[in-house]
Amino acid sequence: MLVAWRYRKRRSIIQWFDPRAWLTFYACFLFSTLAFWDVRFLLFFVVITFFVLINSGVKWREIRRAFLFIVGFVLFFAFLTFLTGRGGTEVYEEEHLLRELKASFSIFGWTPTLKITVERIFFAVSQFARISSIAIMTVLLPYSLDPSLYGVIFRGLGLPDKFAYAMDLTMRFIPTFARDFQLTVDAQRARGYELEKLSGGVVEQVRKMGPIFVPVTIHAIIGSEDIIDAMDLRAFGVGPRTWIDVIERRTRDRILIWFGVAILVVSLVLGLLGYGEFWVPEALIRLAGG
Amino acid sequence: MTPIPLVVENLSFRYRDRQGAAIHDINFEARAGEILLIAGASGCGKTTLIRSINGLIPRSYKGEMSGHVLVFGEETTSWKLSQISQKIGTVLQDPERQILGTKVLNEVAFGLENLTVPREEILHRVDEALAFLKISHLRERETFTLSGGEKQKVALAGVLAMRPSILLLDEPLASLDPASAQDTLDTVRFLADQGMTVLMVEHRVEDVLRIKPERVMFMSEGEVRYLGDLAGLSQVVNYREVKLPAEDIVERAKRDPAPEEISILPGAAGRGEKEALVKFENVAFGYDADIEVLHGINLEIRRGDVIAVLGPNGAGKTTFVKHAIGLLKPKAGRVLVNGRDTKESSVAQIASTLGYVFQSPSHMLFAPTVSEELAFGPRNLKHSKEQIESEVKEALRIVNLSDKEQDPPLALSFGQQKRVSIAAILAMQSRILVMDEPTAGQDYQNYMNFMNSILQMPAFEAILFITHDVDLAVIYANRVLMINDGRLVADGKPQDVLRDFNRLKANRLVPTSLLSLNLERLPATGRFMRAEALAHV
């Protein structure tokens, strides 16, 4: 059986709007954020993100695990990019060295060296600001959108009936998959299986994950077949369908949509005019002797 | 003259990937206002028959089909599923597999939305269906928070809202506590009395007999072995194959030799004082920080205990037993297995002492063959190769699957998969066995056989099983725990706990004919016995 995200009605800025309006705003926000590498511009999106987060009504204990995972994940990758210097070379060509740290040992003649450059620092900061803003705005959605309205929301956004209902099922498949995964892990642990003690090379470790992946996959397939049977038995897809849930667009929703569209248009225009590209402060470049 | 609602003529079907027909030359008709009970062992073709009538065969399940299904005199072969679904409503075995909507309202409205019925009409029909089943209070509830009985009723409401003339129920009682099962059966009787034609596939024959189905069909190996009234059923079927009322079994078993006494837990017998193997000390637990679902559980599982855990759907029974193997850790209090706090042991460490059979087999089966599946647990516990080989063979023998050793477990029927999942734990040779609804979805003969064998295994020192089947507790348990609303409300010998019918009612349990007969004869027998044994007292 499909389970839903942990939605609850709350005093939330997201729930104050029609979900279709919020999703439209969210899409505009996402593409606008991706238009910039300049941390000064990105600061605007970070501020919006934190404003929404604080006013989302989602309690810290509800979101703590997801929040720490996302921020930790993004921080890790930003730091990795900083260490290796790869990833940012598409947005800057020249690097200004602030400091070079060399290891006191060599491996086959290669001495590990960390180059701390102005560009690497600012690229990591920009990357962190961009991705964490998008991720936080995304993770708030399942806590804020009523799962019983998923279908009608997507229908309201212009998708055909079948696709709208498929999106509804897909949105609920994710938490269902997580539940089934946990049940399988528990069932195998009860047979003495220890996921944390897998040994061997990568291929061997993947092979040893079979007791988890096979049941989870098979369960997902069987579950899908059950869903198809249940839908067929109640005449799904024979023609246009009625949606009993009705959501209404109000003035505030129109304002939000226009606000989102305005941000997107301004972002794209600024991008076309050459604003918002990767930026580092002149003072730091001078400090680096550039 | 109004045509007969359902006529099945010479119906046969063979699944595309299987050899041999799943059903062969089935003929019957079902009239308005009639309940036709369809019984038979797992794999006898009951579900295939249902699928052939509701149109899933041959539309979703491909194969060779011959014969006719006539609904109100019209052949349904050329009908679309949407047409069939307006005449024939189907409630699947597990309501969890049928419910699609996030909220009860959406779930019940789903079929009508698909038929483009106007919104106002849908809301009217939804409210009508909910009121009819007396579940209007559930209208705004999220479906995944419902109990098993509530889910069953919501699934039924979703079908009834489409106003079918024929209702197909595929093992509707399988996951329900006895009181919910009784509610469902009363509803079915009422629907039939209103003129609906009802076909009900069910293993729990004795329960269904209470609502007096007009006719019974008994199937075996894809064919109809008996079709007729209730009185004739007990004359043609073996009382070991189908669970009949205890009085009928006693009557018939008198003619047979007395059954052999089974020696329960021979590994625990004669070992002196009953040692506590598992201890629950004031255990409290909640999945969310602010909602407690287990409250102050105190008990010991001692050597020699065969414990039946009874209680309503959603009472916290599974949550309780998951603490014993350390899958859940108490928020307050502690659980000791072999004297060691489960918070200090890994689940794998506990698994060598306590084997736990999950409710659903599909969450654990993964191996290419049954024997490899069974070897997985013992291998994790570092048993020797020779030991594993004999453990696998013995476990297969107990669950009657020795001929399936090289078959892929995932290709077996649900009942067989369930037995593989039990055998997989048996092969680990733990000292304590814990089973979560081991008989759900199993036919009577199979589950009685494997329960007999499991209880005689010398390796086990204690066994605990969760069940909705009161008779299982009567026959096998020497101790009954009753859990309701996260609290241990009764703990004692079956004859002490189960004699209080008010307590049973408060915990959504229903006295069975076997329980009543045992209580009646208790002064003479001194203990609970199975019906076959009572016949010879």
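Modeller: Start with what counts as an element: helices are DSSP runs of H or I with at least four residues, and strands are runs of E with at least two. This is a predicted model.

Biologist: What pattern does chain A follow along the sequence?
Modeller: Chain A reads α-α-α-β-β-α-α-α-α-α-α-α. That comprises 10 helices and 2 strands.

Biologist: How do you know what radius of gyration a compact globule of 290 residues would have?
Modeller: The rule is 2.2 Å times the number of residues to the power 0.38. For 290 residues the rule gives a value near 19 Å, but chain A has 24 Å. The C-alpha trace of chain A spans about 70 × 60 × 35 Å along its principal axes.

Biologist: What makes a residue of chain A buried, and what percentage of them are?
Modeller: A buried residue has 20 or more other C-beta atoms within 10 Å of its own. In chain A, 34% of the 290 residues are buried.

Biologist: What makes residues of chain A and chain B count as in contact, and how many do?
Modeller: Their C-beta atoms must lie within 7 Å. By that test, 43 residues of chain A are in contact with 54 residues of chain B. On the chain A side, α6 (161-189) and α8 (210-232) each supply at least two residues. The most come from α8(A), with 14 residues. By class, the chain A side holds 24 nonpolar, 8 polar and 11 charged residues.

Biologist: Why are the buried residues of α10(B) said to line one face of the helix?
Modeller: Helix α10 (residues 246-253) of chain B has these buried residues: Ala246(B), Ile249(B), Val250(B) and Ala253(B). Seen down the axis of α10(B), they fall within an arc of 100°, so they line one face. Their cover includes α20 (513-525) and α21 (531-534) of chain B.

Biologist: How do you describe two packed helices?
Modeller: By the angle between their axes and the distance between the axes. Take helix α4 (residues 104-114) and helix α6 (residues 148-160), both of chain B: their axes come within 7 Å and cross at roughly 35°.

Biologist: Is the crossing of α4(B) and α6(B) left-handed or right-handed?
Modeller: Right-handed means that the near helix is turned clockwise from the far one by less than a right angle. The crossing of α4(B) and α6(B) is right-handed.

Biologist: Which residues of α4(B) and α6(B) meet?
Modeller: Val104(B), Glu107(B), Val108(B), Phe110(B) and Gly111(B) in α4(B) meet Val154(B), Ala157(B) and Gly158(B) in α6(B). This contact has 5 nonpolar, 2 polar and 1 charged residues. Gly counts as polar here.

Notes:
Residues are numbered from 1 along each chain as its sequence is written. Chains are lettered from A and ligands numbered from 1 in the order in which they are written. This is a predicted model: local features need pLDDT of at least 70, side-chain atom pairs count only at pLDDT 80 or more; totals for chains, interfaces and linings use all residues. Axes are lines fitted to C-alpha atoms, for helices over the stretch in contact, and angles run from 0 to 180 degrees between N-to-C directions. Two residues are in contact if their C-beta atoms, placed from the backbone, lie within 7 Å. A residue is buried if 20 or more other C-beta atoms lie within 10 Å of its own, exposed if 12 or fewer, and partly exposed in between; C-beta atoms are placed from the backbone. The arc is that of the directions from the helix axis to the C-beta atoms.
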